[in-house]
Amino acid sequence: MKIQLERSEILPDAKKEEIARVLLSRFGLLPRKKDGTAKMHELILELYERKKQANKEKKPELSVMPVEEMGLFAGIKRQTMYDYLHRWLELNVLKKTSFVSGGKVVIGYELNGNNLEGAFRKAEQTIKNHLEDSFKLVEHLQNEIKKEKITSAINAPSSSEENQS
């Protein structure tokens with residue numbers, strides 16, 4: 001997992017599109033290439049609107065968006081959308097889901113929560129778990145360094161033994 005958090009701030013008079021762009025930037029969910037044109041902020045806003053509508057009408061299938069449609073909202077090709085989708089799924093902002101519509105199974109993605117906050121709380125938990133695992137590695141490394149020093153001190157010949165030879 002490659003988590004890339006960024007420091008980005010909004011201006012006091014920012015509109016929802018700019019706020020969405022900054023939010024995605026802070027979680028590393030915007031295009032990483034300087035010339036990236038994906039409008040991921042438009043996608044997240046649409047996913048949120050669909051989730052609200054699905055909750056209101058009590059029809060969960062309304063919140064699901066196929067990857068082709070996601071690509072259209074972001075202004076990118078389907079395959080490029082799959083590349084971006086990987087990060088969104090790793091952070092648990094989105095989840096993959098399927099439902100039956102018109103006698104066929106539709107596979108798509110939706111916010112992984114009842115609203116934007118719920119979805120990004122899942123991302124927060126994913127990041128916290130990653131940090132916790134990282135700190136366990138830090139502790140393990142420290143213990144290994146201590147063991148190595150103790151072992152080398154025990155196995156090193158003492159200076160008094162060397163003088164007797």
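The exercises below work through helices, a loop, salt bridges and a surface patch in a predicted model.

**Exercise 1. Helix H2**

Compare the reach of helix H2 with the span expected for its number of residues, then find which of its residues are buried and what they pack against.

Solution. 
- Step 1. H2 covers residues 40-57, which is 18 residues.
- Step 2. From the first C-alpha to the last, H2 reaches 26 Å, close to the 26 Å expected at 1.5 Å a residue.
- Step 3. The buried residues of H2 are Met 40, His 41, Leu 43, Ile 44, Leu 45, Leu 47, Arg 50, Lys 51 and Ala 54.

**Exercise 2. Ser 63**

Decide whether Ser 63 is buried or exposed, and list what its side chain meets.

Solution. 
- Step 1. Ser 63 sits in the loop between H2 and H3.
- Step 2. The cut-off for buried is under 20% relative accessible area. Ser 63 has 2% relative accessibility, so it counts as buried.
- Step 3. A polar atom of the Ser 63 side chain lies 2.8 Å from the backbone oxygen of Pro 60.
- Step 4. The side chain of Ser 63 also makes a polar contact with the side chain of Glu 110, at 2.5 Å.
- Step 5. Apart from neighbours within four places in sequence, Ser 63 is in contact with Leu 47, Arg 50, Lys 51, Ala 54, Tyr 109 and Glu 110. Leu 47, Arg 50, Lys 51 and Ala 54 are among the buried residues of H2.

**Exercise 3. Salt bridges within helices**

How many salt bridges does the structure hold? For the pairs Arg 21 with Glu 18, Glu 46 with Arg 50, and Glu 124 with Arg 121, give the distance and the spacing along the helix.

Solution. 
- Step 1. The structure holds eleven salt bridges. Side chains of opposite charge can pair when their charged atoms come close.
- Step 2. Arg 21 and Glu 18 meet at 3.2 Å, N to O. Both lie in helix H1, three residues apart, about one turn of the helix. Arg 21 is partly exposed at 32% relative accessibility, and Glu 18 is partly exposed at 32%.
- Step 3. Glu 46 and Arg 50 meet at 2.9 Å, N to O. They are four residues apart in helix H2, so about one helical turn separates them. Arg 50 has 15% relative accessibility and therefore counts as buried.
- Step 4. Glu 124 and Arg 121 meet at 3.0 Å, N to O. They are three residues apart in helix H5, so they too are separated by about one helical turn. Glu 124 is partly exposed at 28%, and Arg 121 is partly exposed at 45%.
- Step 5. Arg 121 and Glu 124 belong to a network of salt bridges that links them with Glu 117 and Lys 128.

**Exercise 4. Helix H5**

Check the span of H5, name its buried residues, and describe the cap at its N-terminal end.

Solution. 
- Step 1. H5 has 40 residues, which should span 58 Å at 1.5 Å a residue. Its end C-alpha atoms are 58 Å apart, so the two values agree.
- Step 2. Ala 119, Phe 120, Ala 123, Thr 126 and Ile 127 are buried in H5. Their cover includes H1, H2, H4 and S2.
- Step 3. Asn 115 caps the N-terminal end of H5, with a side-chain oxygen 3.2 Å from the backbone nitrogen of Glu 117.

**Exercise 5. Positive phi**

Locate Lys 58 and Asn 92, and give the phi of each.

Solution. 
- Step 1. Most residues other than glycine have a negative phi.
- Step 2. Lys 58 is not a glycine, yet has a positive phi of about 55 degrees. With a relative accessible area of 71%, Lys 58 is exposed.
- Step 3. Asn 92 has a positive phi near 70 degrees. Asn 92 lies in the loop between H4 and S1 and is partly exposed, with a relative accessible area of 31%.

**Exercise 6. A surface patch**

Which residues form the nonpolar patch on the surface, and what is their accessible area together?

Solution. 
- Step 1. The patch is formed by Val 100, Val 105 and Ile 107.
- Step 2. Together they have about 310 Å² of accessible area.
- Step 3. Ile 107 belongs to strand S2, residues 104-111.

How values were computed
Residues are numbered from 1 along each chain as its sequence is written. This is a predicted model: local features need pLDDT of at least 70, side-chain atom pairs count only at pLDDT 80 or more; totals for chains, interfaces and linings use all residues. Side-chain values use heavy atoms; hydrogens and water are left out. Patches are made of residues with over 30% relative accessible area and no salt bridge: like charges are joined within 9 Å, nonpolar side chains (Val, Leu, Ile, Met, Phe, Trp, Tyr) within 5 Å. Accessible areas come from the Shrake-Rupley method with a 1.4 Å probe; for residues, only the protein chains shown count as cover. A salt bridge is a side-chain nitrogen of Lys or Arg within 4 Å of a carboxyl oxygen of Asp or Glu. Helices (H or I, at least four residues) and strands (E, at least two) are DSSP runs, numbered from the N terminus. The expected span of a helix is 1.5 Å times one less than its number of residues. Buried means under 20% relative accessible area, exposed over 50%, partly exposed in between (1.4 Å probe, protein chains only). Contact means heavy atoms within 4.5 Å. A polar contact is a pair of N or O atoms within 3.5 Å; within protein, one must be able to donate a hydrogen and the other to accept it, and residues adjacent in sequence count only if both atoms are side-chain atoms.
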